[in-house]
Every structure is written in structure tokens, then in C-alpha cells.
Amino acid sequence: MLNKSYYLILIISIIIGISFWIGFNVNLLPEEASINAPIYDELFKLLFIIGLILFIGMTALVIYSLFKFRKKEGEFGDGIALEGNLSLEIIWTVIPSIIVLFVGIYSYNIYDRMGGMNELNHHHENMNTNSEKIWAGISQTNNSNSVLDETAIEVSAMQFAFLFNYPQGEFISGELHVPVDQKISIKMESKDVIHAFWIPEFRIKQDIIPGQPTILNFTPTKIGKYPIICAELCGPYHGGMRASIIVEDKSDYEKWFNQNNKTNL
Ligand SMILES: [Cu+2]
């Protein structure tokens with residue numbers, strides 16, 4: 001008996017060990033290009049590890065049972081009639097409850113750290129000139145106010161494109177250009193149906209609902225070109241509703257901005 005539980009503990013430990021190793025060494029996600037990304041990935045890794053423990057554990061149990069409880073030669077009767085096992089039932093209720101509760105609390109913590117619980121700050125009110133109601137997506141705590149105003153960009157979503165309006169330069173672009181390592185604030189509006197603004201590399205996704213102007217804040221941390229994808233089935237060409245975000249260093253961004261700037265003319 002002692003020998004049996006010893007093996008059981010050993011096998012469970014090995015499964016947990018393998019799951020943690022895979023969880024920390026196998027990266028299934030695209031590169032991390034915003035402040036949000038590493039925070040989000042913490043949660044993903046945890047969920048991935050929990051999933052791996054369950055997957056490897058159950059697969060091992062099924063394979064073990066296939067051999068261990070195989071019908072023996074000349075055996076034709078029914079199996080033993082089993083009825084109830086209180087300790088087993090307690091275990092399979094308590095362990096999942098703890099896991100679900102922990103994942104729930106941890107997810108809340110992650111969402112909070114990504115800025116999901118932040119109140120609309122006064123900058124949103126500034127943008128809110130016609131006293132229209134503004135909704136907020138994930139919003140990191142604001143540390144540099146002036147930067148926010150400089151880079152406030154208006155995003156229009158429509159069937160089937162995103163357009164980016166730079167009010168300070170009075171021009172509209174089909175690509176979203178932003179400077180690296182600065183908090184970007186975008187105000188998104190939908191012209192027709194529900195769309196969603198998704199940048200996988202930034203780990204942000206926000207619905208854009210008609211009649212609900214929505215603010216989304218993020219801070220890109222890596223120079224590069226990343227896809228912006230509509231993540232809400234919005235019509236027949238939804239699959240083609242893509243744009244690009246180009247993260248550049250500040251001087252490149254300014255150069256691009258000044259080339260397009262209409263207020264200089
Ligand atoms: Cu769309």
C-alpha cells in the first residue's frame with residue numbers, strides 16, 4: 001500500500017514537473033510588443049500549465065487503464081458493481097473548486113494590472129467635448145499627460161477597414177503609426193456595425209460598438225510592424241478587415257507625421 005501511494009506521488013510530481021517545464025519553455029504566443037504583453041502572458045502560461053497537467057495526467061491514466069483493466073482471457077462476466085466513493089467525490093470537488101477560484105482571482109489581478117479597472121481619467125473628458133458618453137477599454141495608469149495629448153489618435157472602424165485620423169496633423173492614414181515606448185491613446189468609433197480592434201502582439205482586443213466611442217490606451221515597447229485585425233464577425237469581408245500598426249522610434253515617427261501633416265500647408 002505504501003509502495004503504491006509512493007509511486008502515485010512520484011508520477012504526479014513528474015507530470016507536474018513536465019507541465020511546468022513545457023509551460024515555461026514552449027512559447028505558443030506571438031512576440032511581446034507592448035507593456036500589456038508580459039502581464040497577459042503570465043496568465044496564459046499559468047492556464048497552459050494547468051491544462052497540461054490535466055491533459056498529460058488524464059492521457060496517462062487512460063493508457064494505464066487500457067492495459068491494467070483489460071479483459072483477461074476467458075473472462076465473460078460483468079465488472080464489479082461500484083457505488084459511490086465519498087473521499088474520491090470530495091477530492092474531485094475540492095481540487096477543481098480551488099483551481100477555478102484561484103484562476104478567477106488571478107485573472108482579476110492581471111486585468112487590474114493591465115489597467116482594466118482604471119476609472120476614465122480627465123483626459124477622456126477632454127476628448128469628450130460634446131459631452132457625449134465615452135466608454136473605456138483597458139487603460140494603463142497615466143504617467144505622462146502631455147504625451148497622451150500629442151498622440152491622441154481617432155480610429156474609425158467600418159465595413160471593412162480601419163481608418164486612422166490624426167487630429168493634430170489634420171490627416172487620415174490607412175496605417176497606424178505610433179512612437180515606441182510612449183503611451184498611446186486612441187478614441188475608436190464604429191460607423192456601422194460592431195467591430196473589434198485586435199493587435200495580437202500587444203495582447204489587446206477591444207470591441208468597437210456603434211454609438212459608443214471607446215478609448216483604448218496602450219504602450220508599444222518594440223519597434224516593428226504588427227497586424228491590426230478586426231476580431232468581430234462584421235460582414236462578408238470581415239476576414240479581410242486588417243490594417244497595420246507601425247511602431248517607430250520617435251524621430252522616425254515625427255518624420256512620418258511631418259510628411260503627412262496638413263496643418264503645415
Ligand atoms: Cu470588422
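**Entry 1: overview**

I counted 6 helices and 11 strands in the protein chain. Helices here are DSSP runs of H or I with at least four residues, strands are runs of E with at least two, and both are numbered from the N terminus. The model is predicted: local features need pLDDT of at least 70, side-chain atom pairs count only at pLDDT 80 or more, and totals for chains, interfaces and linings use all residues. Residues are numbered from 1 along each chain as its sequence is written.

I then looked up burial. Buried residues make up 19% of the 265 residues in the protein chain. A residue is buried if 20 or more other C-beta atoms lie within 10 Å of its own, exposed if 12 or fewer, and partly exposed in between, with C-beta atoms placed from the backbone.

Next came contacts. Two residues are in contact if their C-beta atoms, placed from the backbone, lie within 7 Å. Among contacts between residues at least 6 apart in sequence, 71% join residues at least 24 apart.

I traced an open sheet of 5 strands in the order 5-11-10-7-8, with mixed pairing. Strands pair if DSSP finds at least two bridges between them. Strand 5 (176-179) and strand 8 (204-208) are the edges, each pairing on one side only. From one strand to the next the twist averages 20°. Axes are lines fitted to C-alpha atoms, for helices over the stretch in contact, and angles run from 0 to 180 degrees between N-to-C directions.

Pro179 stands opposite Glu248 in strand 11. Helix 6 (residues 250-260) packs on the sheet and touches both strand 5 and strand 11. Its direction makes about 140° with that of strand 5.

**Entry 2: strand 9**

Is strand 9 enclosed or in the open? I found 5 of its 5 residues buried, so strand 9 is largely enclosed by the rest of the structure. In a regular strand the side chains alternate between the two faces of the sheet. In strand 9 both faces are covered: Thr214, Leu216 and Phe218 are buried on one side, Ile215 and Asn217 on the other.

I checked its partners. Strand 1 (residues 135-136) pairs with strand 9 in the parallel sense over 2 bridges, and Trp135 has Thr214 as its bridge partner. Strand 6 pairs with strand 9 in the antiparallel sense over 5 bridges. There, Ile186 is bridged to Leu216.

I listed the contacts of Leu216, leaving aside neighbours within four places in sequence. They are Gly137, Ile138, Ile186, Met188, Phe197, Ile204 and Gln206.

**Entry 3: the nonpolar core**

Leu216 is also among the residues with the most contacts inside the largest nonpolar core, along with Val155, Met188, Phe197 and Ile228. This core has 26 residues. A nonpolar core is a set of buried Ala, Val, Leu, Ile, Met, Phe, Trp, Tyr and Cys residues joined through C-beta atoms within 7 Å.

I noted the elements giving two or more residues to this core, including helix 2 (36-68), strand 2 (153-158), strand 6 (184-190) and strand 10 (224-230). The core draws at least three residues from each of domain 1 (2-67 + 89-113) and domain 2 (123-260). Those domain bounds come from an automatic or database domain assignment.

**Entry 4: two helices**

Helix 2 has 33 residues and reaches 48 Å from its first C-alpha to its last, close to the 48 Å expected at 1.5 Å a residue. The expected span is 1.5 Å times one less than the number of residues. Its buried residues are Asn36, Ala37 and Tyr40. They pack against helix 3, strand 8 and strand 9.

Helix 3 (residues 86-113) has 28 residues and reaches 41 Å, close to the 40 Å expected. How many of its residues are buried? The number is 0, so helix 3 lies largely in the open. Just after helix 3, Gly115 takes a positive phi of about 95°.

I found a cis peptide bond from Gln159 to Phe160, with omega near 5°. Phe160 is in the loop between strand 2 and strand 3.

Glu170 has a positive phi near 50° and is not a glycine. Its loop lies between strand 3 and strand 4 (171-173). Glu170 counts as partly exposed because it has 13 C-beta neighbours inside 10 Å.

Asp181, also not a glycine, has a positive phi of about 55°. Its loop lies between strand 5 and strand 6. With 14 C-beta neighbours inside 10 Å, Asp181 counts as partly exposed.
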